[in-house]
Amino acid sequence: MKNSPQLDCPPRELSRLAARRHDVLIIGGGINGAGLARDLALRGLAVVLVDQGDFASGTSSASTRLIHGGLRYLQHLDFRLVLESCRERAVLQRIAPHLVRPQSLLIPVYRDDPHSLLAIRAGLSLYDLLAWFRAPRRHRMLDAEAATSLEPALRPQGLRGAALYWDCRTDDARLCLENVLAAAGAGAQTVNYLAAVGMVKAGGKVVGARLRDQETGEEIDLEATVVVNATGPWLERICALDGDPTPKLRPTRGSHILVPRINR
């Protein structure tokens with residue numbers, strides 16, 4: 001793009017990076033790898049974070065962008081997980097208010113739905129309580145008329161009412177990139193377009209990884225005390241480099257359907 005600000009990036013000195021042994025090598029620059037790199041760098045460890053493409057270009061740029069407290073876990077009575085999720089949501093609101101903002105959600109309830117308005121009200125009241133009043137806003141119950149007034153696209157036939165509650169949403173890719181920048185600011189080495197193509201072993205143990213520069217084809221062996229596989233959907237591919245073809249991933253149980261807004 002014309003007139004775009006130019007970043008003053010140092011040259012990629014991969015041989016210098018490989019010349020020393022590091023504490024931790026993290027493969028995968030999504031939110032898990034970036035967050036871990038930041039945390040470990042702040043603890044004073046020598047960390048290298050690499051990604052085969054752009055940071056946050058995989059799952060961390062394609063999520064539903066919700067920072068939620070785990071409402072759906074209530075039906076499984078997993079109160080501990082809800083408490084943890086609500087606590088983490090509050091922390092993110094406090095430390096990154098420019099990225100984590102309140103988001104309203106509407107649960108319509110129809111005549112033949114398995115959960116009644118009373119059950120939804122009880123669940124959301126418990127949800128607010130487990131958040132220890134740190135929820136973005138308290139929930140509200142709406143009758144059918146108020147619900148269709150708020151969201152005209154709702155089918156009015158059989159509508160009993162709706163519940164309006166609040167969680168948070170974020171720009172997932174930007175949140176990941178800010179963790180990468182914070183990790184680099186804390187002393188971590190962050191290098192993208194560096195793909196893992198093999199494992200370095202000594203005494204039968206993994207002590208590093210062979211990395212290929214996707215731009216030049218140059219390969220280096222980078223040694224580390226600990227190698228972390230934070231590649232998400234590509235986890236099995238990295239495990240296969242260590243001679244482990246065992247399937248480890250399972251399909252997600254959640255699904256989301258997005259439909260265009262109807263303006264009337």
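Analyst: Val47 is found in strand β2. The model is a predicted one, and every value below is computed from it. Val47 counts as buried because its relative accessibility is 1%, where buried means under 20%. Leaving aside residues up to four places away in sequence, Val47 touches Val24, Ile26, Ala37, Leu40, Ala41, Ala188 and Gln189.

Strand β2 covers residues 47–51 and is mostly covered, with five of its five residues buried. In a regular strand the side chains alternate between the two faces of the sheet. In β2, Val47, Leu49 and Asp51 point one way, while Val48 and Val50 point the other way. Both sets are buried.

From β2 the account moves to the loop between β2 and β3 (66–67), which is the place of Ala56. Ala56 has a positive phi of about 70°, although it is not a glycine. Ala56 counts as buried because its relative accessibility is 5%. Another residue with a positive phi that is not a glycine is Tyr193, at about 55°. Tyr193 is placed in the loop between β7 (189–192) and β8 (194–202). Is Tyr193 buried or partly exposed? At 29% relative accessibility, Tyr193 counts as partly exposed.

Helix α3, residues 79–95, is the place of Leu81. Leu81 is partly exposed, with a relative accessible area of 27%. Leu81 and Gly69 are 12 residues apart in sequence, and their C-alpha atoms are 8.6 Å apart in space.

A pair of aromatic rings is described by the distance of the centres and the angle of the planes. How many aromatic pairs does the model contain? The count comes to one aromatic pair. The ring centres of Tyr127 and Tyr165 are 6.2 Å apart and their planes stand at 75°, so the pair is edge-to-face; that description applies to planes over 60 degrees apart. Tyr127 lies in helix α4 (residues 117–130) and Tyr165 in strand β6 (residues 159–170), so the pair ties together parts that are 38 residues apart in sequence. Tyr127 is buried, with a relative accessible area of 3%. Tyr165 also counts as buried, at 11% relative accessibility.

Rings are also approached by charged side chains. Arg137 lies over the face of Trp166, at 4.1 Å from the ring centre. Arg155 lies over the face of Tyr110, at 4.4 Å from the ring centre.

The cysteines remain to be considered. A disulfide is a covalent bond between the sulfur atoms of two cysteines. A search of the whole structure finds zero disulfides. Cys86 is in no disulfide, and its nearest cysteine sulfur, that of Cys168, is 10 Å away. The cut-off for a disulfide is a pair of sulfur atoms within 2.5 Å. Cys86 counts as buried because its relative accessibility is 1%. Cys176 is likewise counted as buried, at 0% relative accessibility.

A last point concerns confidence in the model. The chain averages a pLDDT of 88, and 92% of the residues score at least 70. Over residues 1–10, however, pLDDT stays under 50. For residues 1–10 the model has zero contacts beyond four places in sequence. Where pLDDT is low, the predicted coordinates should not be read in detail.

Terms used. Residues numbered from 1 in each chain as written. Predicted model: local features only at pLDDT ≥ 70, side-chain atom pairs only at ≥ 80, totals over all residues. Heavy atoms only, no water. pLDDT = per-residue confidence, 0-100. Contact = heavy atoms within 4.5 Å. Phe/Tyr/Trp six-rings, centres within 6.5 Å; stacked < 30°, edge-to-face > 60°. Helix = DSSP H or I, 4+ residues; strand = E, 2+ residues; numbered from the N terminus. Buried < 20%, exposed > 50% of the residue type's maximum accessible area, 1.4 Å probe, protein only. Lys NZ or Arg CZ within 6 Å of the ring centre and 35° of its normal.
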